[in-house]
Amino acid sequence: MEALLRCTGITKGYGAGPRRVEVLRRLDLTAARGEMLAVVGASGVGKTTLLHLLALLDRPEAGSYEFAGRDLLALDEESADHFRRRSLGYVFQSYRLLPEFTARENVSLPPRIRGEHPAAAEERAAAVLCELGMEARLDHRPAELSGGEQQRVAVARALVNDPELLLADEPTGNLDARNGERLMDLLCAARERRGLTVVLASHNERLTRRCDRALRLEDGVLGDWDGSDMAAVAEAARTAGRS
């Protein structure tokens, strides 16, 4: 299959001297066009750091990152911002919805930032929200929505500009099992309809097994995941959430 993104030798750490923490160590990652790929690992292992690097929200200290054959690390900040607006959708675990805006207004922000007329942007936003089953909640603000509904709004916002790559950071982490399954159904359906490539960070075994492939992030590198230790990963994530 054709590779959409290819990372080679990605290295990222924080701090200096004896306080330095190596998060990613010459990490390699390839995702095919149209693939749904899960990255699993304990809390704090570097999954969010990896997604931030893929989104060009941060830069590695070493390595290469190609997207559709294009060297993304050679882009200046203006070009990187253009890449994010045109080719990338990002679903944050904490939703990051603006509380004073309705669902429709929150989802219309990416096309408006891209320069689309506000009326056209809101029409596009409504269409994506309806695709995700939110037609009765278009004009509700986040405080008036359940957690599952807020997450669907966040997914709609990530999809509204019709990206090639969708990144999702623990997209079901704040949802109960039923809403987590529903959200995964929506992601899988959107991927099929739109031909998306999806890279998601997860500690949910049932959802991870629905992906085409899963990789384990440990000691700064990625390796094949066989599912044998997911219970320990999930428990570590729950413990971190209680601390």
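1. A residue is called buried when its relative accessible area is under 20%, exposed when that area is over 50%, and partly exposed in between. The structure under discussion is a predicted model, and the terms are applied to it throughout in that sense. With a relative accessible area of 28%, R20 is therefore partly exposed, and E22, at 32% relative accessibility, falls in the partly exposed class as well. The side chains of E22 and R20 meet in a salt bridge, with an N to O distance of 2.8 Å.

2. How many salt bridges does a search of the whole structure find? The search returns 23 salt bridges, and the pair formed by E22 and R20 is one that can be inspected directly, at 2.8 Å from N to O. Another joins the side chains of E77 and R84, where the N to O distance is 2.7 Å. The two partners of this second pair fall on either side of the cut-off for burial, because buried means under 20% relative accessible area: R84 counts as buried at 16%, whereas E77 counts as partly exposed at 49%.

3. A further salt bridge connects E131 with R194, whose closest N and O atoms are 2.9 Å apart. Elsewhere, salt bridges that share partners join E77, D81, R84 and R85 into one network.

4. Turning to helix packing, helix α5 (residues 147-159) and α6 have axes 10 Å apart and pack at an angle of about 15 degrees. The two helices are therefore roughly parallel to each other, given that angles under 35 degrees are placed in that class. Their crossing is right-handed. On the α5 side the contact is made by G148, Q151, R152, V155 and L159, and on the α6 side by N179, R182, L183, L186, L187, A190 and R194. By residue type, this contact divides into six nonpolar, three polar and three charged residues. R194, listed here among the contact residues of α6, is also the salt-bridge partner of E131.

5. How are helix α3 (residues 103-113) and α4 arranged, at what angle do they cross and within what distance do their axes come? The axes come within 8 Å and cross at roughly 120 degrees, which makes α3 oblique to α4. The crossing is right-handed. In this contact A103, R104, E105, V107, S108, P111 and R112 of α3 meet P118, A121, E122, R124, A125, A126 and L129 of α4, and the residues divide into eight nonpolar, one polar and five charged.

6. The buried residues of α3 are A103, R104, N106, V107, S108, P110 and P111, and what covers them includes α4 and α5. After α3 comes G115, which has a positive phi near 105 degrees.

7. Apart from its neighbours within four places in sequence, L187 is in contact with M36, V155, L166 and P171. The C-alpha atoms of L187 and A168, which are 19 residues apart along the chain, are separated by 9.8 Å.

8. L50 is found in helix α1 (residues 47-54) and is buried, with a relative accessible area of 2%. When its neighbours within four places in sequence are left aside, L50 is in contact with L24, L27, L29, V39 and L222. From C-alpha to C-alpha, L50 and L132 are 27 Å apart in space, and they are 82 residues apart in sequence.

Definitions and conventions: Residues numbered from 1 in each chain as written. Predicted model: local features only at pLDDT ≥ 70, side-chain atom pairs only at ≥ 80, totals over all residues. Heavy atoms only, no water. Salt bridge = Lys/Arg side-chain N within 4 Å of Asp/Glu carboxyl O. Buried < 20%, exposed > 50% of the residue type's maximum accessible area, 1.4 Å probe, protein only. Axes fitted to C-alpha atoms, helices over the stretch in contact; angles between N-to-C directions. Helix = DSSP H or I, 4+ residues; strand = E, 2+ residues; numbered from the N terminus. Parallel < 35°, antiparallel > 145°, perpendicular 65-115°, else oblique. Left-handed = near helix turned anticlockwise from the far one by under 90°. Contact = heavy atoms within 4.5 Å. Nonpolar A, V, L, I, M, F, W, Y, C, P; charged D, E, K, R; others polar.
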